[in-house]
Amino acid sequence: NWPQISLRYSPNAGWAAIYLSQDQRNAVVQGNYFGTNASGTATVGSSTGYDIYDSASASQIGGMGVGEGNLFSGQAYVHIFVASTNTPASARLIQGNRFGLDANGLALGNATHAIQMASGASTNTLIGGTNAAAANTITGHSAAAIVLADGNTGVSVLGNSIYGNAALGLDLGVSGVNANTGALDNSKANKGMNMPVLTSAIYDAATQTIAIAGYVGSTANQSLFANARVEVFLSDNDPSGYGEGKEFLGFITSDANGNFSNTLALGAGQLMAGDRLTATASDSAGNTSEFSAQTTAASTTPSAPARFNAFETSTSSGSLSGVIKTKVAAQNSTLAVIAIDNAGTALASDFTGTVTLEWLQASDNSGGLSAGQCRSSWVASGAAGVASFTTADAGRKNISLTPVSVGREWRLRMTYAP
């Protein structure tokens, strides 16, 4: 067993600043500055070597306590390289570290990868964790942030903040995004764990929640991916369209068929409608997938329609205008009431709300027009009814109404108060 290793800084210019060999166990590397000056505010020209070369078992790099995390920045090579051995190392922890930032949390930059694992290097490694203090922050690399070669299994990447890297946040096996196959393959990195597919993300600003639904695998209902831990993140809008996971929002457990649906509680201002989300999936053996394709958080509060109209129910579907035929006083009739979107080009299909209708006697056209196209000389002559829209109405609602009395030139005034 090795004692804790704690250097204030390491201007590594050789092969490796810290070398953990195969016959060492329980080494703890904490509280170091790699590649920066002693204050952690500037680079010192670290170049060709690894910061940490790790082929040991049960090593711990960083930690969840105050000051236990390491700072890795300004490196021209890989920060943590986990080497292959005859017996893959197990029970490794990489937690609470910062990659690509200075001691004040400002960008300092790096080259290549934050963490790279050679083929067969590990059967049990935890990068991050389910405790917020375990999260690593990984940013500013010129290649993928975390790279796992084929043959590594049980590498869990949980709860981290990974963003602003030039390639994928988590790259398994062959470089680039791996398509879901609906299967697991023991020869692949993390067994080729399939990523989640987010089919719905509905943000509710009033309750500060987001309802997430989707599945793990190549299609829905694949029981192979039952009980997966699906972690949801605010994406950094990676240009690949996949990931990266900048801010952890919460997790959902997939059901017996590999599908998932639940509502996550958010902090104030943590998310807005229109933000992009991404996710990872980890199976019960700890194999974490790559980041999923991004999806947009939609709002439960659609914008108010630009205007409303009414016409005969026989008018063609999707129409924005039509006619109202002559009605018989005191006899029930039907009309279609529509909500028109802000662009004025289509039905406001997501509109929900109640529109109040009122009869106007409109024989006197001497008055000026209001913004709603009603003349001031028209006389209000009683309620005509209400049209209560739900999303199922898709912007068009049929209502029943009865003209109040005999006469010509009757109009309907429609009022909506959000």
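Is Asp54 buried or exposed, and what is its relative accessible area? Asp54 is buried, with a relative accessible area of 0%, where buried means under 20%, exposed over 50% and partly exposed in between, using a 1.4 Å probe and protein chains only. The note below takes up this residue and several others in turn.

The model is a predicted one, in which local features need pLDDT of at least 70 and side-chain atom pairs count only at pLDDT 80 or more, whereas totals for chains, interfaces and linings use all residues. Residues are numbered from 1 along each chain as its sequence is written, and side-chain values use heavy atoms, with hydrogens and water left out.

1. Asp54 and its partner. Asp54 lies in strand β5, residues 50-54, strands being DSSP runs of E with at least two residues and helices runs of H or I with at least four, numbered from the N terminus. Asp54 forms a salt bridge with Arg92, with the closest N and O atoms 2.8 Å apart; the term stands for a side-chain nitrogen of Lys or Arg within 4 Å of a carboxyl oxygen of Asp or Glu. Because Asp54 lies in strand β5 and Arg92 in strand β9, the pair ties together parts that are 38 residues apart in sequence. Arg92 is also buried, with a relative accessible area of 1%. Not counting residues up to four places away in sequence, Asp54 touches Leu20, Ser59, Ile61, Phe81, Val82, Ala83 and Arg92, contact meaning heavy atoms within 4.5 Å.

2. Gln95, in the strand that holds Arg92. Gln95 is found in strand β9, residues 92-95, and is buried, with a relative accessible area of 7%. Leaving aside neighbours within four places in sequence, Gln95 is in contact with residues including Ile61, Gly62, Gly63, Met64 and Asn136.

3. The other salt bridges. By the rule given above, the count of salt bridges comes to 4. One of them joins the side chains of Glu358 and Arg413, at 2.9 Å from N to O; since Glu358 lies in strand β28 (residues 353-361) and Arg413 in strand β31, this pair ties together parts that are 55 residues apart in sequence. Glu358 is partly exposed, with a relative accessible area of 24%, and Arg413 counts as partly exposed at 30% relative accessibility. Lys397 forms a salt bridge with Asp393, with the closest N and O atoms 3.6 Å apart; here Lys397 is partly exposed at 24%, while Asp393 counts as buried at 19%.

4. A buried arginine without a salt bridge. Arg396 lies in strand β30, residues 396-401. Arg396 is buried yet has no salt bridge, and the nearest side chain of opposite charge, Glu312, is 9.1 Å away; in this count Lys and Arg are positive and Asp and Glu negative, with His and the chain ends not counted. The backbone oxygen of Ser316 does lie 3.1 Å from a polar atom of the side chain of Arg396. Among the residues in contact with Arg396, leaving aside neighbours within four places in sequence, are Phe311, Glu312, Ser316, Leu347 and Phe389.

5. The largest pocket. About 1100 Å³ of space lies in the largest pocket, which is lined by 37 residues, of which Ile324, Trp410, Arg411, Leu412 and Arg413 lie nearest its centre. The elements that give two or more residues to this lining are β26 (307-311), β27 (333-340) and β31 (410-416), and β31 gives the most, with 6 residues. A pocket here is an open set of points on a 1 Å grid over the protein atoms alone, where a 1.4 Å probe fits, with protein on both sides within 12 Å along at least five of seven lines, and lining residues have an atom within 4 Å of a point. Grid points are joined across faces, edges and corners, and the volume is the space filled by probe spheres set on the points.

6. Backbone points to check by eye. Most residues other than glycine have a negative phi, and most peptide bonds are trans. A cis peptide bond joins Gly243 and Glu244, with omega about -15°, and Glu244 is placed in the loop between β20 (229-235) and β21 (245-253). Phi of Lys191 is near 60°, a positive value in a residue other than glycine, and Lys191 is partly exposed, with a relative accessible area of 25%. Phi of Asn221 is near 65°, again a positive value in a residue other than glycine, and Asn221 counts as exposed at 53% relative accessibility.

Key. A polar contact is a pair of N or O atoms within 3.5 Å; within protein, one must be able to donate a hydrogen and the other to accept it, and residues adjacent in sequence count only if both atoms are side-chain atoms.
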